[in-house]
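Subject: Structure handover and notes

Dear colleague,

I am passing on the structure that we spoke about, together with some notes on it. Please read them alongside the coordinates.

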Amino acid sequence: MALNGASHNVAGEKTGPTTGAPPPVSSDTKAAIAGAASQDGTGQSAPGQDGGDKDAPKKEKTEKELKKEREKAEKDAKFKAKKAAQAAKAAEAATPSKKAEKKKADAKDEIPVSQRYVEETPVGAKKILKPLDDEFHKAYIPRVVESAWYDWWEKEGFLKPEFTADGKVKEKGSFVIVMPPPNVTGALHCGHALANALQDSLIRWHRMRGFTTLFLPGCDHAGISTQSVVENMLWRREQKTRYDLGRPKFLETVQDWKEEYHQKINRVLRRMGGSLDWSREAFTMDPNLSAAVTETFVRLHEEGYIYRSNRLVNWCTKLNTALSNLEVENKELDGRTMLDVPGYDRKIEFGVITHFKYQIDGTEDFIEVATTRLETMLGDSGIAVHPNDERYKQLVGKQARHPIIKDRLLPIVADEYVDPEFGTGAVKLTPAHDPNDFNLGKTHNLKFINILNDDGTLNNSCGPFAGQKRFEARYTVAAELEKLGLFVKKENNPMKVPLCLKSRDVIEPLMKPQWWMKMRELGDVAVAAVQDGSIKIRPDSAERNYYSWLKNINDWCLSRQLWWGHQIPAYFVKIEGEEGDQNDDSLWVTGRTEEEAQARAAKKFAGKKFTLERDPDVLDTWFSSGLWPFSTLGWPNNTHDFENLYPTSLLETGWDILFFWVARMIMMGIKLTGKIPFNEVYCHSLIRDSEGRKMSKSLGNVIDPVDILEGISLPDLHEKLHAGNLDPKEVKNAEKYQKTAFPQGIPECGADALRFSLVQYTTGGGDIAFDVRVMAGYRRFCNKIYQATKYVLGNLPSSSSFTPLPVSPKSAAFPAPSGKESLAERWILHKLTIAARDINKALQDREFSRATQVAYAYWYDHLCDVYIENSKSIIKDGTPEEQLSAVNTLYTALEAGLTMIHPFMPFLTEELWQRLPRRPEDTCPTILRAAYPEFDAALVDEAAEESYELVLACSRGLRSLLSEYGIKEGAATHVLPLTERAHDIAAQQQAAIRTLAGGSKALASLDIAPVGGAKPKGCAVFPVSADAAVYVYVKDRIDVDAEIAKTKVKLERASEGVRKLEVALAGVESGSGASEAVVQAERAKVADGRAEVRVLEEAVAQMHELKLEDA
C-alpha cells in the first residue's frame, strides 16, 4: 500500500496534502505573464518617470543623464528577458504530464484503501469472499478482513451454547463465563478490551474442544455514576434538576440515555469479536434481575441479615448519597495541602491540626484541644482524656462551655481510648460526625448533634454559622476563635482525606437511618470456600488480598439516596394515632410486592389502622451485581440455564474489584443457591500507559479501543480531549503525553492484533505497560499469516484434483502420517503436535502470554520462515509424489495453525479458513466449531527434529556470515560436518540448506565437505554445534589482521562461555538430584561450546596462514 510521501504516515491512516508541483497555469495567465514582461515598468520607481504631472513639458536631460539612462535601460531589458524566460519555464513545468495525471487519478483523492472498501455481503449472510489478488485483498487490511463475519456468526446461532438432544450439556462438560457487566455510563476502555480478549479466548478454546459454552453479555445500571452523568447533562442542556422533572419523568430520561450508550457498548463488544450469546443478554434492572434483587432483600431481612439502623455513613454532599467504604479513596497528605473541592471557587486547606481552648464552666481555667476539622467543633458535645493523665484528672466530671453555641455544656469524660501523647492529650468529641467519637459518644451517653444539611451547608444547630458551607466555616470559625482569644495555633499534620471515588468530593461522616447487612458470618463462609479449594483465585497475590479484606470485614451499608436503581422493597408502617420513629426496625416490613407487604403489616399490627410508606432510597449497585452469576441464568426461578449451567466456570476481572464485587458474589451465591457461583477467579493486571501511569479519565490518558481498531490521527486524539470533561489544566499535559506516545497518531491495528497483544501482555505478574507500537507489530504478524495462507492457497492443486487427507480416527485434528514424508515434513508435523500440546497446557494453566508465544513461534519461526520456504523448492522441482506429500503437509500445518490461533484472532482465521478446501466428510460450517489441535503422539519425531535442527543451524550460520560481511549474491559456501551423521544429513538436505540460507542468488555454490576434510581456505567461519561448522569465502573482502582480531574476540567469549557451562555441569553431576535428561542436556551444551572453541581456534590459525600466503 502506498504511503503519503509528505507525511510518511502509517498505512491505512488518513493523509494530508502532499507538497509537489504547483497547479497548472491557464493559457490566459501565460499570456498575462508574457505581456507583462514586454511592457514598460510602472509605479513610483518606473525608469524615466518621476510620478509628476504627465502632461507637463519634458525636462531637457544632460549628456551624463542620457548615458546613465541608456545603461539603466539596457540593464532593465536584460532583467525583463530573464523574467520572461523564467515565466515560460514555469508555465511549461506547470503543465502536467500524462504520467503525473495518471498518478493523480490513481491516488483517488488520497483516500486510504481500507476506507474505500464497501462490504457487499447482506447483513447476516455468509461473507462473499473476493479474489485475493484484488486491491482490497492483496495485503492484510483489518477493516476488510473483519467485515461481515460477526453478523453471520450471530444470525446462524454459532455463539449460543450447544446442548444434547435431551437438553443436557455435552459429554465434555460446560464452560460458562458471565461477562463482568460494564457500567452503562459510557465508552469501554482498554481494561474492558483486555478482559474481553482473555474471556473470549477461553470461550472459543473450549467451544472448539467440544464443550457446551456460554459467554453471557450484560450491563450494570451503575446507580451513582449514571444518575450523576444524567443530572449533569440535564443541567447543562435545560438548567433543570431531577426534582424539576419528578421521579417518574427523570427515570424515563435516564432510561432513554441508557439505551443510547448501551448500544454503543454492545457495538464495540461485537467489533472486538467477543463470541457472546446476545439472546441471553442481561441488564441489572431487567424484570427478572430486579425480581432477584427483591427476593434477596426480602429473604435476608426475614432471616435477620438485613436490619435498619441510624449510624454514621460516608456522605457525599456532591452526589447527596451515602457510600460504602469501598467507594471512598483515602488521599495521603504529608502536611499542609490545598485541595480542590467541588462547589468551592478557591482551594481548601487540609493537612493541618488546629489547637484552640474551651473554658471550664464556672472557672477561669481552660482545656486545650486539637482538631483537623475545625468546623466540626460546632457539633462538639464532650471532651475525653485518658484516666491516668495527671494533667486532666482534676477536670474529669466537670464541664466545658461552648464559646459559640450558648448554653451548650460539654462533659469531660475519662476513657482509655484516648492517646495522651497525641495532640494535647484532650480530645474534642463530635459523636455525630466521627466514627471514633461515635463509639465514645455511645459509651458516655453524649449528645449526637448533627451540624450538616445533606448539601454540605451548616444547619440550625450551628447558631450564627447556619447556612454557611462547611469549608467556609472552617475559616470563619477560626476567625471567631481568634476574636474570642481562644485560638492557640495551627500546625502541619500528616493525615488522610477521604474522597468520593465518583465526584472527588470530601466525604463527611454523617448520621443517617439506613439499611445495613451483617457480613461477618457470610464472610467466614466465603473464606472457607477458597481455603478448601472449591474456588481457585489466581494469581496467589490476589488470594492473599482476598483473605486480608474478609478478615476485617464490616457490615455493609445498602441504602443509597438515589432515584436510579432498585428501590428498596421496605415499607414504613405509619400507625394511626402513634408517632413512629423511622429508625425503629420493628416498624418496617418488607414484601416482594406492596400487597405482600400490606398483608405482613396487617398480621404484625393486627387490629390497628395504618398506612404504608415505601422507602424512597435505592440499593447499592453492588447488591444487584452480587447476584450476577445466578440471576442472569434465571434465579430465583429454576430455569433450564440455571439448572444446567450453574455454577459458572470462571470469573475474569481486575484485582481492584476483588472486594467490591467478587467476595460479595461468593457470599451471596453460597447463601442464596447453596452453591459457589464459579469455580475459578482470574484477576488480570491493570493497564498503565507507556509512562507507567494508571489510565485515568482525569489524566486524559485513557485509550479508546475503537481508536486502536480503526486508527486515529494525532489531531483527532487532541480533539477528543477537548470534547470531553477533562480539567482544562490537564488538557495540555494530556496533549503532551499524546504527542510523545502517538507522534503519528494510532495506526489501524484491527481487532485481531489488539486481542493478541492484550493476551500476550497477560503474564499473571505485574501491571501492563501499554504501547501501541506492540499492537502495530502484531498487525504485521497478521499480515504474515495472511500472506502465508495466500501462498499455500496459490500452491494447492485445483479443487477438482486435490482433496486434503482425512483426519485419522485416532487423532482429533490430524491425518495419520504416511511414513513417506520428507525430513522437513516430519519436522513441521513434530513442531505442530508439540505446539498443540504446549498451547493447550498453557491455556489450561491460564498462562496466557505463554499460549500466545507458542502460537507465534509456530507460525513465525516454524511454518512461515522454515517450512513454507523449504516447500517452495519441493513444489517446484520435486517428483509428483514428493509434491503431493509436501502439499498435504502444507495444508495440515496451515489448517492447524489457523485453528490453533483462532481463539486470539477470530476474524483473520475465519476469513482464511473459509478459503481452504475441506477434508472428506468435513461439514463444519465455521472455524468457531472446528476441532482444536490436540497433541498427537503419532506425529512426535524427535529424531527428525534433531536432524532438521542441524539443517536450520547450518542455514542460520550461513545467513549470519552473509549478513556480517555484506554479501548479497554469488557467495561460495561450505558445510564442514564433524560427524558421519551430520555429513549424511547435510548431504541429503543440501538443497534445503541452500534454500533456507538465501537461495541460488545469494549462494553461488554450497559444498558439503567430507568428515575430517580440509578446512576451506580464505573463509570466515560460523561454528554451528559439536556436529558441524559453516564457511563463507571472504578472502577478497576482508582485512586479514582485522579478521584475526575479531575472531579472537569471539574465541575469548566462547572460551568463557565453556568455563561457565563446565561449572554448571559439575553442579548437576555432583548429586544435586537433577534428572538424567537435565544432565544430558548440560553435557550437550558443553560439547557444543567446546566444538565452537575448537573451530574458532582453527579459524585463527588459518587466518595467520592466509596472512603468510599474502606476504
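Phe-572 stands opposite Trp-588 of strand S23; helices (H or I, at least four residues) and strands (E, at least two) are DSSP runs numbered from the N terminus. Before going further, please note that this is a predicted model, in which local features need pLDDT of at least 70 and side-chain atom pairs count only at pLDDT 80 or more, while totals for chains, interfaces and linings use all residues. Residues are numbered from 1 along each chain as its sequence is written, and side-chain values use heavy atoms, with hydrogens and water left out.

Strand S22 (residues 570-575) runs antiparallel to S23 and is joined to S23 by three bridges, where pairing requires that DSSP finds at least two bridges between two strands. The open sheet has three strands in the order S23-S22-S24, with antiparallel pairing. S23 (588-590) and S24 (610-614) are at the edges with a single partner strand each, so one side of each has no neighbour in the sheet. On average, and with direction ignored, neighbouring strands are turned by 35° against each other. Helix H16 (residues 594-604) packs on this sheet and touches S22, S23 and S24, its direction making about 135° with that of S24; contact means heavy atoms within 4.5 Å, and angles run from 0 to 180 degrees between N-to-C directions, with axes fitted as lines to C-alpha atoms, for helices over the stretch in contact.

**Two helix pairs**

Helix H24 (residues 750-761) packs against helix H29 (residues 906-913) at an angle of about 125°, their axes being 7 Å apart. This makes H24 oblique to H29, given that angles under 35 degrees count as roughly parallel, over 145 as roughly antiparallel, 65 to 115 as roughly perpendicular and the rest as oblique. Ala-751, Asp-752 and Arg-755 of H24 make the contact with Pro-906, Phe-907 and Leu-908 of H29.

Helix H11 (residues 287-302) and helix H20 (residues 658-673) pack at about 75° with their axes 12 Å apart, and are therefore roughly perpendicular to each other. Here Thr-296, Arg-299 and Leu-300 in H11 meet Met-668, Lys-671 and Leu-672 in H20.

**Confidence**

The mean pLDDT (the predictor's confidence in each residue, from 0 to 100) is 86 for the protein, and 88% of its residues reach 70 or more. Over residues 1-61, however, pLDDT stays under 50, and over residues 100-109 the pLDDT is likewise below 50. Where pLDDT is low, the predicted coordinates should not be read in detail.

Best regards
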